[in-house]
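Trainee: Could you take one part of this model and give me a close look at it, then tell me how far to trust what surrounds it?

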Amino acid sequence: MVTLAKLCRSLPALLLSSHRSQRTPTTPPPALGLVRPLPPEWTAKMRQKKTTHHTMVDLKDLKGYSRIAKAILCPAHPAEELRLFCELCDRPVCRDCVVGEHREHPYDFASNVIHKHGDSVRELLRGTQPHVGALEDALAQVREMNSALQEQVEAVAADVRTFSEGYIKAIEEHRDKLLKQLEDIRVQKENSLQLQKAQLEQLLADMRTGVDFTEHLLTSGSDLEILITKGVVVERLTTLNRVAYNARPGVSERICFSPQEKAGRCRGYEVYGVIKTKEVDPAKCVLQGEDLHRAREKQTVSFTVLCKDAAGESMDRGGDNVQVVVVPRDKKDRSPCSPVRTTVQDNKDGTYYVSYTPREPGIYTVLVCVKEQHVQGSPFTVTVRKRHRSHPGVFHCCTFCSSGGQKTARCACGGTMPGGYLGCGHGHRGHPGRPHWSCCGKFTEKAECTWTGGQSTARSVLRTVAL
C-alpha cells in the first residue's frame, strides 16, 4: 500500500522521468564524465586538494535539465520501478501491481498520462495564483492596519494620560480648596464659641457673686444690714436678670460634605464635592403660593416651601426632609377619608414645589413639616370648591346685536323686544343696561356660570355667536 506522503515525494521524479522520455534523441545531454576546457581561473580550483578528483561540467551543457532522473521503486514491490499509472486508483504503479492488486484496472504509462494530469494541475494553478497576490495584498493591508492601530492606541493613550494627569491635578487642587474652606469654618465656629463661652463665664461669675452675696446677707446679716443694702442688692439682681443670653450654642457642629454636588470648574475640568454648613430651621421656613387656602375639585393645587436657616437666609441647596400631608376633614355621614396624594419636588435651590389634586369639594387640612417639625403657618386649612363651570352662552350687550337680529335668540336676562323678538335689545323691557352672559345673566365676564337649565333660555343660537 503506497501512502499519500510517499506518492507526494515520488511525484517530482515521475514528472521528470516523463519529461526525459519525451526528449528527442538528437539533443542528448552531455556525459557527466566529459571535461571541457575551462577558464584559467578555474584550473587553480581543480588543483585544490578537496576538488582534485571532482568531475566538472559546464553549466550551459545542463541547460533544460533542472534535475537528474532517479528511479522510484514501488513500495509494495521494491525490485520494480514505478512506470505506470492506474487511472481508477489515481496513483502510480509498477508492472507487478497491474497484474496483482490493480488487475483489470485501466492504466497507462506515466509518460502518456502526464500531459492530461499536468494540464489539470496547471489549470488549477492558474486559478490559484491570483489568490496569492490577493492574499499578499490583504496581508500587507493587515500589517498596515496593525501599524496604524498601534499608532492610534499610543495617541489615545497619550490623550488619556494627559487628561488624567490634568484631572488629577484639578481634583487635588479642589481637594486643597475644600480642606482650606473646612479649616476656615472650624476657626470661625471656634471663635464664635470661644466668645460665647467668655460671655457666659463672665455672666455666670456675676450671677454667682450676686447670689452668694444675697444669700449671705439674708442668712448672716442683721435686719438693719439687710434693709440698708436692700436697694443695692435688688438693683444688682434686677440688672443681672435682665441680661439676655443664648442658652444654646450660637453655632452648630453641622458640617457635611456632598460629593455628588457640582462645585464648578477647576483647571477647565468639572469637579464635584461641596462643603455645607447651613442647617435648615423649620421655624424660619415659609410657604408661598396663591392657592394656599383655596382650590377646586379635581384640579391641581400647588405652592412652594422656602427653606431658611436660623439666620433667616435661604438654604440655596436641596436635600432637606420636607414632608407634606393633605387630609380631608371627617364628615358625619362618611368614614374618615384617606390623605390626598402629594408630590414634593426638590428644586435643589432651597425651595420645594408641592402639588396635589383634591378629589372632591370640602375642607382639607394641610401639614407641612421640615425635619419632622411644622414650618410657619402649618397646619392650615384649604377650602376646595366644585369645579369651575364655564359659560355655554356668550358675553354680549344684547341678543339683537349679537345674533344679527334673529327673533328666536333668547337671553337669561329675560328682556324682550316688540315685533316678536324673544330676546333683549338696547332700551327695551328687561335689558340690564350693561354687557352680560346670555346663559346665566351674570355681569362679570370671568364669573362662574350658574345656569341650571330651563325652557326660557334657548342658547343654541347665541352659543356660537361672538360679540
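Mentor: Helices (H or I, at least four residues) and strands (E, at least two) are DSSP runs, numbered from the N terminus. Helix 5 covers residues 223–242, 20 residues in total, and its first and last C-alpha are 28 Å apart, close to the expected 28 Å. That expected span is 1.5 Å times one less than the number of residues.

Keep in mind that this is a predicted model, in which local features need pLDDT of at least 70 and side-chain atom pairs count only at pLDDT 80 or more, while totals for chains, interfaces and linings use all residues. Residues are numbered from 1 along each chain as its sequence is written, and side-chain values use heavy atoms, with hydrogens and water left out.

The protein chain averages 81, and 80% of the residues score at least 70. By element, the lowest mean pLDDT belongs to helix 1 (residues 4–21), at 44, and the highest to strand 11 (residues 351–356), at 94. Residues 1–36 stay under 50 throughout, with 43 contacts beyond four places in sequence, a contact being heavy atoms within 4.5 Å. Residues 59–67 are also below 50, and that stretch has 9 contacts beyond near neighbours in sequence.

Some backbone details are worth a look too. The loop between strand 13 (373–374) and strand 14 (380–385) holds Pro379, and the peptide bond into Pro379 from Ser378 is cis, with omega near 0 degrees. Two residues other than glycine have positive phi: Asp90, near 55 degrees, and Arg267, at about 60 degrees. You'll find Asp90 in the loop between strand 1 (84–86) and strand 2 (91–93), and Arg267 in the loop between strand 4 (256–266) and strand 5 (269–276).

Notes: pLDDT is the predictor's confidence in each residue, from 0 to 100.
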